[in-house]
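Biologist: I have not worked with this structure before. Please show me how to read its features.

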Amino acid sequence: LNSIGQRRLGIEGFHGCKCHKLFQGLETPCPFCPLDRLSLESFYTWEHTNLVLGRHFLVKDKLISWGERTVHLEVAVDITTQIEYTKNIQRSLEIERTIVESARILRQEKQLSSAVDRVLSLVGRQYGADRAYTFEFDVYSEDNPRLSNTHEWCAPGVVPQRNSLQHVPFGELRPWFELLKVGKDVIIKDMVLVREQYPEIHAVLEPQNIRRLFAVPLHLDGQPGGFIGVDNPRMDEPDLSLLHSLAYFIDVEISKRRAAEELRFLGLRDPLTGMGNRNAYLAACRALKDRAAGSLGVIFIDLNDLKYVNDTFGHERGDEYIRTLSGLFLKHFRSRDIFRIGGDEFVFLCENMPEALFNAKIRSMLKEGEERFPRSIALGAVWGRQAENVESMVQEADRLMYAEKQRQKAERGTGEAFGSFPK
């Protein structure tokens with residue numbers, strides 16, 4: 001045994017010792033011993049992790065002639081550093097692949113919730129974790145922060161915790177809160193150390209069988225939003241690059257989808273009244289046509305003399321006229337049922353509203369409208385047991401409205417409708 005071997009093993013007297021006892025700490029011959037594969041002609045080369053030293057070796061064995069004896073020669077080269085380097089490269093490549101796949105899923109999946117669930121399954125497997133999850137703040141405040149477990153992946157045999165981790169007071173984990181709110185990570189390598197330093201945190205985590213934990217902050221629209229974490233990761237060293245990338249992608253995707261939803265919402269809203277616009281009305285008609293399941297009440301309204309108001313008092317007063325009467329409509333009918341489809345035209349689509357209630361609401365609205373704004377509203381209405389032909393019903397309501405408008409016009413002169421409007 002050469003001097004390097006003696007120093008590594010920390011021994012001096014080794015003569016007469018069995019090799020399996022000296023090198024491997026075994027009482028019986030090594031089950032992986034290559035002796036039966038050795039020859040005098042060439043070296044037999046193999047790799048082995050020595051548990052006594054905790055190092056990985058490239059081993060070369062050969063039979064040689066020693067005087068009149070045949071003996072076993074073994075040369076071991078420590079390649080632990082090279083192996084760890086290779087493992088780190090492989091792990092980095094695996095993480096890169098997971099990051100790319102996570103970005104693809106978040107970008108292509110229509111439902112963000114299902115996308116996050118799929119990504120967490122990749123993350124949990126990458127870390128060899130028991131659980132991978134997201135927590136988001138219900139209430140973000142310095143005094144009483146609360147958060148809920150919004151997404152969760154569990155390894156086979158691991159009991160889910162999501163249902164029991166809703167609206168959790170984060171004050172119990174105050175040291176975490178202080179770290180996460182300034183964008184720092186939470187790394188627990190050994191829960192025993194947490195029990196000694198933070199017994200209140202240990203009391204929260206211990207029932208969940210958490211021994212190790214990694215978590216990184218999640219920001220939503222630039223503000224602290226919660227965190228993403230893994231329980232009991234089997235990764236030797238805490239490489240959090242995957243969690244950080246996922247947190248970034250989720251933030252970007254949520255912000256992007258919120259912006260798209262806001263644009264979609266604006267595209268369906270009338271900016272003056274806040275009601276659905278013509279685009280929303282057409283979408284509602286298509287949806288009703290597809291369902292055609294229940295009753296439908298249709299109202300078509302035209303505001304009398306809007307052009308007269310605009311020409312006489314200005315468009316600001318005309319806009320006020322529209323907003324004020326829109327407020328009257330919203331007082332008596334649901335906002336989701338009302339659409340402004342033109343400058344002075346409104347359509348109500350009242351799905352599954354009993355006929356008696358539908359007619360009562362119309363009478364009540366017209367009564368209040370006549371008291372506050374005499375002769376301002378021309379209205380036509382129809383009701384059907386089934387919304388089989390929405391377009392025909394709207395056309396009939398439009399026809400009745402026009403007939404009512406002509407009747408009112410015959411009874412009064414132009415501009416009288418605005419006469420009692422508040423100045």
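Biologist: Which residue does Asp130 meet in a salt bridge?

Modeller: First, keep in mind that this is a predicted model. As a general idea, oppositely charged side chains can pair when their charged atoms come close. Here the side chain of Asp130 meets that of Arg234, at 3.1 Å from N to O. This pair links distant parts of the chain, 104 residues apart: Asp130 is in the loop between α4 (112-127) and β4 (131-139), and Arg234 is in the loop between β9 (223-231) and α8 (241-267).

Biologist: Is Asp130 buried or exposed, and is Arg234 buried or exposed?

Modeller: Asp130 has a relative accessible area of 12%, so it is buried. Arg234 is at 51% relative accessibility and therefore counts as exposed.

Biologist: Which residue does Arg131 meet in a salt bridge?

Modeller: Its side chain meets that of Glu152, with 2.7 Å from N to O. Arg131 is in strand β4 and Glu152 in strand β5 (residues 146-154), so this pair ties together parts 21 residues apart in sequence. Arg131 is buried at a relative accessible area of 3%, and Glu152 is buried at 19%.

Biologist: With which residue does Arg118 form a salt bridge?

Modeller: Arg118 pairs with Glu109, and their closest N and O atoms are 2.8 Å apart. Arg118 counts as partly exposed, with 38% relative accessibility. Glu109, at 23%, also counts as partly exposed.

Biologist: How many salt bridges does a search of the whole structure find?

Modeller: The search finds 22. Salt bridges can also be linked in a network, as they are for Arg8, Arg55 and Asp78.

Biologist: Arg55 brings me to His48. Which residues is His48 in contact with, leaving aside its neighbours within four places in sequence?

Modeller: The contacts of His48 are Gln24, Phe32, Arg55, His56, Phe57 and Val59. With Gln24 there is also a polar contact of 3.3 Å between the side chains. His48 is found in strand β1 (residues 44-50) and counts as buried, at 14% relative accessibility.

Biologist: Now the sheets. What is the order of the strands in the open sheet of four strands?

Modeller: The general idea is that strands of a sheet pair through backbone hydrogen bonds, either parallel or antiparallel. In this sheet the order is β11-β12-β10-β13, and the pairing is antiparallel. β11 (338-340) and β13 (377-384) stand at the edges with a single partner strand each, so one side of each has no neighbour in the sheet. On average, neighbouring strands are turned by 15° against each other, direction ignored.

Biologist: How many bridges pair strand β10 with strand β12?

Modeller: Seven bridges pair β10 (residues 296-303) with β12 (residues 345-351) in the antiparallel sense.

Biologist: How many bridges join β10 to β13?

Modeller: Eight bridges join these antiparallel strands. Phe300 has Gly380 in β13 as its bridge partner. Six of the eight residues of β13 are buried, leaving the strand mostly covered. Gly380 itself is buried, with a relative accessible area of 2%. Beyond its neighbours within four places in sequence, Gly380 is in contact with Val298, Ile299, Phe300, Ala397, Leu400 and Met401. The C-alpha atoms of Gly380 and Val298 are separated by 8.3 Å, although these residues are 82 apart along the chain.

Biologist: How many residues does the largest nonpolar core have?

Modeller: In soluble globular proteins, nonpolar side chains tend to be buried together. The largest such core here has 28 residues, and those with the most contacts inside it are Val123, Tyr127, Ile228, Val230, Leu243, Leu246 and Ile250. At least two residues of this core come from each of α3 (80-108), α4, β8 (213-220), β9 and α8. Among the contacts of Val230 outside its sequence neighbours within four places are Val123, Tyr127, Arg131 and Leu243. A second, separate core has 23 residues, including Met275, Leu306, Phe373 and Ile377.

Methods
Residues are numbered from 1 along each chain as its sequence is written. This is a predicted model: local features need pLDDT of at least 70, side-chain atom pairs count only at pLDDT 80 or more; totals for chains, interfaces and linings use all residues. Side-chain values use heavy atoms; hydrogens and water are left out. Buried means under 20% relative accessible area, exposed over 50%, partly exposed in between (1.4 Å probe, protein chains only). A polar contact is a pair of N or O atoms within 3.5 Å; within protein, one must be able to donate a hydrogen and the other to accept it, and residues adjacent in sequence count only if both atoms are side-chain atoms. Contact means heavy atoms within 4.5 Å. A salt bridge is a side-chain nitrogen of Lys or Arg within 4 Å of a carboxyl oxygen of Asp or Glu. Two strands pair if DSSP finds at least two bridges between them. Axes are lines fitted to C-alpha atoms, for helices over the stretch in contact, and angles run from 0 to 180 degrees between N-to-C directions. A nonpolar core is a set of buried Ala, Val, Leu, Ile, Met, Phe, Trp, Tyr and Cys residues joined through side-chain atoms within 4.5 Å.
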